[in-house]
Amino acid sequence: MNWKILFVDDEANILKGLRRMLRGMRKEWELQFAGGGEEALENLKTDHFDVIVTDMRMPGIGGADLLKEVAKKYPNVIRFVLSGQARDESVLEVVNPAHQFLIKPSQADRIKSSLCKAMNSLYIIHNDVLRGKLTNLLSIPVQDIALKELSLELTREKPDIQTLSSIVTSDVGITAKLYKLLSSSFFGTSMSVMDSNKLVEILGIGIIKKLLEMNGFFAVYDVGAKMGECVKEISDHSRKVSILAGKIAETETEDSEIINAAKIAGLLHDMGKLVMLALEIVDEEQIPYMGNEYGSAFKQIEREQGTSHSELGAALAGLWGYPSTVIDTIRFHHNPSLLGEKSFSTLTAVHTAEAMLSGDRLDMSWEHRLDSDYLNSLGLEGFEERLKGIVDRELKEDMFV
Ligand SMILES: [Fe+2]
Ligand SMILES: [Fe+2]
């Protein structure tokens, strides 16, 4: 399959450079170039594109307005910004309409890998309509209370980073949106794998404040009480998976990248469930089934959609530019053997932590939920004993306080 990509920039030299730089991709990519927003919209009228990559500041229709228009009229197109204006106020205009932000100048490899990751992840979803809806999903449900707490802390004269951080990591939707900005280069730095507790520190209080004041960055869904409770349950469960996955990773490895990724991927592993709520894949009646991801009722809902919460979460994670480790962990957290890894990884930690928790409680009969073929193939001698050790040592439920 040939991907079709539209590059938009008012500087002819930049387009020329991109054409030259991406020449090696000719066999897989069909490239088209537009000198501005108006021309791009004309191109989109007559041709189908998989991805649009636009500059921000251009005479006439600027990048932000162009992407908003594309989102409205061509929901299946993946939207990238390629701009030198990172860390600029104007970036705030594209944090929602753009899936990812690339800093100008970017190396060919970086452009290639970011575009490929987004396209390949999105195409995990086979259903065209669902893919279109996913491409246009600007945010996933967040807990109202978490937003209120965040605002309250930010109104203080000296907001406390630790407090802000624990509010952020208590909510999957908030973490997911902030992680999008850091995985991609919206604000200059691209810090892909990091300790989830550092999200606030790296983005900075000023930016978080602006995002909170912005209309629609953290979309408040008009959810009923049942749905609100479900969003909270997903966040509570995910926070616990994150803590437990972190502890498992710390026991098995000294590799801080695996440990940090286990914490962040643990927090985000079920973001696909929030996607299901946002896209109204589950109705009010089915909400109680969401709590038991191993239950037949929940699996039936997934089967009817021809996809799963793991795939929906991974597809959005790819669109938002998360690191591959995190995308893979989200995608395979219930059936890790499908990835074919042969040593302990972030996925091992999250899969195991997930299996050990039933909803948000530790469940001592977790073994039957583990992918035993996978664990055997890793050859981790004494692994299950060490897991039991973690639970005993950390005084069971107290570890989550
Ligand atoms: Fe889970
Ligand atoms: Fe799950």
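Mentor: Let's begin with a term: donors are N, O and S atoms within 2.8 Å of the metal (3.2 Å for Na, K and Ca), and since water is not among the atoms, sites may look incomplete. This is a predicted model, where local features need pLDDT of at least 70, side-chain atom pairs count only at pLDDT 80 or more, and totals for chains, interfaces and linings use all residues. Side-chain values use heavy atoms, without hydrogens and water, residues are numbered from 1 along each chain as its sequence is written, and chains are lettered from A and ligands numbered from 1 in the order in which they are written.

Now, the iron ion (ligand 1): its donors are spaced H-x31-H-D-x22-E-x60-E along the chain. They come from His 237 (NE2), His 269 (NE2), Asp 270 (OD), Glu 293 (OE) and Glu 354 (OE), at 1.9 to 2.3 Å. His 237 sits in helix H11 (residues 225-252) and His 269 in the loop between helix H12 (256-268) and helix H13 (271-278), so this pair ties together parts 32 residues apart in sequence. (Helices, H or I, of at least four residues, and strands, E, of at least two, are DSSP runs numbered from the N terminus.) His 237 is buried, at 5% relative accessible area, and His 269 is buried too, at 0%; buried means under 20%, exposed over 50%, partly exposed in between (1.4 Å probe, protein chains only).

Among the protein donors of the iron ion (ligand 2) are His 309 (NE2) and His 333 (NE2). His 309 is one of the buried residues of H15.
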